[in-house]
Amino acid sequence: MSSRVPSIGPSRPPVGVVALARRAGRALMSLLALTPLTAPVMLTALASLPDDAGATPSPYKQPSAAIRELLDAPALPRLVPSPDRQSLALVEQRRYTPLEELARPGLRLAGARFDPRNASQQNLAAVQRVRLRSLLDPEATERDVELPPGGTWHNFVWAPDGQRFLLSRRTDTVDELWAGATSNGQLWRIYNVRLNNAIDPDDIAWLNPREAVVLTVPDGRGPAPNRPQNGPAIQETHGRASPERTYPDLLRNARDEDLFEYHARSQLTLIDIASGQSRDIGTPGLFTSVSSVGNGQALLTERLVRPFSYALTFDDFPTIVEVRQRDGKVIRELAKMPLKQGVAIDGSLPGPRVFYPSPTKDAAIYWVEALDGGNPANRAAFRDRVMRLDPPYTGDATEVQRMPYRFTRLRFLDDGIHGLLTEEDRSRGWTRTYLLPLNGRQSRPLFEHSVRERYRHPGYPFMRTLPNGHQVAQTLNGDLLLSGQGSGPKGDRPFLDKLSLRDLGTQRLFQSAEGVYEQPVALLEDRRLVTQRETEHEPPNLVLRENGKVTPLTRIKDPTPQLKAVRRELVTFKRSDGVELSFWMYLPPDQRDGEKRPALVWAYPLEFNDASIAGQLSGSPGRYMSFTGISPLNLLMDGYVVLMDATMPVVGDSRTMNDSFIEQITANARAIIDKAEDLGAVDPRRVAIGGHSYGAFMAVNLMAHTKLFRCGIARSGAYNRTLTPFGFQSERRSLWDAKEVYLRLSPFLYANQIRDPLLLIHGDADNNSGTFPMQSERLYQALAGLGGTARYVLLPFEAHGYSARESAGQVQWEMSQWLKGCVGDPRAEARRILPP
């Protein structure tokens, strides 16, 4: 029996692809393990499926009418205030990507996926409608931006002063750039611009509110190379360790190299959005980044050079960093970063890396250099240092700061004299942030905490856009503004704080009330605060806060009022060793008090160094209830209880915590089921486990090592860790350093112990590191050969997440039918057991 459906040729329209494992002996063995209630249901469900679904493609399935209605509800508009805080754009994006668009021919080279005909990304977040209005006037009239028909509109961007905006339109042959006026919404095209977003989507370097530099397709580049591949592709290694993660879409031969270089080559183009004029500057190159320096005095560019790699993505190819004049002429080469090969796990390149242009008129350029050779195994008092080079960019750079741990981030304050420098001790999972005087004086620690900290997290810099387009951390009378989630035992309550840079004292300016979820959006010059407010059944809307008065600014309506009948509760409890756990229990609209229904546990494991932090809660009962197209929460409409975001902490030393991964997720799962039974809404005999990506890996491990769940659903996971031999998730040891751990955490090697039904779903174009479709295919084949019960669904053209409407419907149908076959139809049971 075939485990894969034959590939679909151009003469056949795209259809769903389903592979079903079923042999009489295997099905019988699994059915014997089911309760008398479930066995006939499972038998009926399996009998309704084709005997050899792998022989011919089957059409896409439709979920129940209630789920389909949810899936087809309109998406909420994005509320995008302008940088000057005077205007608001309501940007409506399509909810799904058309299947025919995903199926368009494309290239996959060096980790990039793009349409070669128009040099754009294949799966765009398409814009369907744009409305403009005054931000602060609640009675303001909305103006529709008239989008000319044809093509796919995408990437709405405000100009730094908010007086204009940019939009892109992809056609079959070009990705165009358009500009618009905020005052009337009128659009005009930027002449002679063909955007090149093949490897660096939507990169815009603002010089001022009307001028910017973009990457375009070079004029006269000629036809694509067509070198025949007549010989073998050869790679060599010569005794130098190079522990690389597993990546998809790598270059394979010289022909791929030529194609990548041809399509990745772009031209720096200066655009004037007011006049619609453009002109090329400098010469074409393999640019991956362009940004303005200071107030547009210079440009900072990064471009790739050969030799390319067949083992790494383009992000790790050799790169030349240059500072240029506004006309594109190179002033100075700042660094030539080599191929990132032979770099230790959690290490870095030994020379200059991570370049930052100053956002202020000083026009300095900053970068980071390793002081330990880039190898965390080397003993060193300091790991990294920050360097600075000032105009005219001659002479030597000066050292600004040394760090005992590895650099992670540099942000600039809007005062023009300070930065925020963040480092991380990855062995401890610990992070520290300094206030960095940019004049070279001694820095001061501001705060430090676990990277997983929620309750005592100080927040993140509250960012705003300068007139030159740079993003900076906002200050108020010399104090730093910080916004955060405000997590606590009762859920998230977002806040806005003012941190004194003199004495480090903190003043709370705003915090969301309990029962709602309200986060700061913009602090105006007169100290009025714009926030985005939502409740469980009220979608996000903007409000204006002034002297205790709250004025609604927008009135977006709830597109899914049927969800008001869904009940949601945050449940907290402990596992056997005292570690705090939680889940969000969602009850279907028609579940009666005292009725126990089958449930799906949906989880994703996270690693923690500290057990007390592992128990910290996230989420809020005030968040608007809205489900994505592939969310398991849609199954509520078919009557199932869903225990969503069930915490699956793995606690211990970051170097060895995976040694007890199986034991810890087992303890978590047992505690989850026990608590669900105590609540009285879940039948503990009819519980399924599910997850996506690393959550799928967790779910299959629970299926292989426990008998706690009646069945499992695993989407886009990795199940054989020998195929990810140089680390996965937080695991930093290699297969050869921790062979027993890799083998034990490979449920593929324990497929003979998976005796309960398992549904595997995967996108056939998965682009995530380590989760190749082969992971699901090989596990399915193992289960088929060993007499297990499994179903393998391969979604055409889908990547790690699934974006087509047809795919969303298929996934919901698959999950619902699988649960009906494994744990029963909850509504049928309710009709049989409970009186009307």
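Biologist: Which residue in β18 is the bridge partner of Arg303?

Modeller: Ile320 is the bridge partner of Arg303. Keep in mind that this is a predicted model.

Biologist: And how many bridges join β17 to β18?

Modeller: Six bridges join them, and the two strands run antiparallel. β17 covers residues 298–304, and β18 covers residues 319–324.

Biologist: What is the strand order in the open sheet of seven strands?

Modeller: The order is β13-β14-β15-β16-β17-β18-β19, and the pairing is antiparallel. β13 (204–206) and β19 (330–337) stand at the edges. Each of those two has a single partner strand, so one side of each has no neighbour in the sheet. On average, neighbouring strands of this sheet are turned by 35° against each other, direction ignored.

Biologist: Which helix packs on that sheet?

Modeller: Helix α5, residues 254–264, packs on the sheet. It touches β15 (266–272), β16 (277–293) and β17. The direction of α5 makes about 130° with that of β16.

Biologist: Different topic. What is the order of the open sheet that four strands form?

Modeller: That sheet runs β24-β25-β26-β27, with antiparallel pairing. Its edge strands are β24 (406–412) and β27 (444–450), and each pairs on one side only. The twist averages 20° from one strand to the next.

Biologist: How many bridges are there between β26 and β27?

Modeller: Six, in the antiparallel sense, with β26 spanning residues 430–437. Tyr434 has Pro445 in β27 as its bridge partner, and Thr431 has His449 in β27.

Biologist: What sits between those two strands in the hairpin?

Modeller: There are six residues between β26 and β27, and Gly440 takes a positive phi near 95° in this hairpin.

Biologist: Now helices. Where is α8, and how far does it reach?

Modeller: Helix α8 is residues 694–705, which makes 12 residues. From its first C-alpha to its last it reaches 17 Å, close to the 16 Å expected at 1.5 Å a residue.

Biologist: Why is α8 described as largely enclosed?

Modeller: Because 11 of its 12 residues are buried, the rest of the structure largely encloses it. Among the buried residues of α8 are Tyr694, Phe697, Met698, Asn701 and Leu702.

Biologist: And what about α11: how many of its residues are buried?

Modeller: 15 of the 19 residues of α11 are buried, so this helix too is largely enclosed by the rest of the structure. Helix α11 covers residues 805–823 and should span 27 Å at 1.5 Å a residue. Its end C-alpha atoms are 27 Å apart, which agrees.

Biologist: What comes just after α11?

Modeller: Gly824 does, with a positive phi of about 95°.

Biologist: Zooming out, how many helices and strands does the protein have?

Modeller: The protein has 12 helices and 46 strands. Of its 836 residues, 57% count as buried.

Biologist: What radius of gyration does the protein have?

Modeller: The protein has 28 Å, which agrees with the value near 28 Å for a compact globule of 836 residues. Along the principal axes, the C-alpha atoms fill a box of roughly 80 × 75 × 60 Å.

Methods:
Residues numbered from 1 in each chain as written. Predicted model: local features only at pLDDT ≥ 70, side-chain atom pairs only at ≥ 80, totals over all residues. Heavy atoms only, no water. Expected span 1.5 Å × (residues − 1). Buried < 20%, exposed > 50% of the residue type's maximum accessible area, 1.4 Å probe, protein only. Pairing = 2+ DSSP bridges. Axes fitted to C-alpha atoms, helices over the stretch in contact; angles between N-to-C directions. Rg over C-alpha atoms; globule rule 2.2 N^0.38 Å. Contact = heavy atoms within 4.5 Å.
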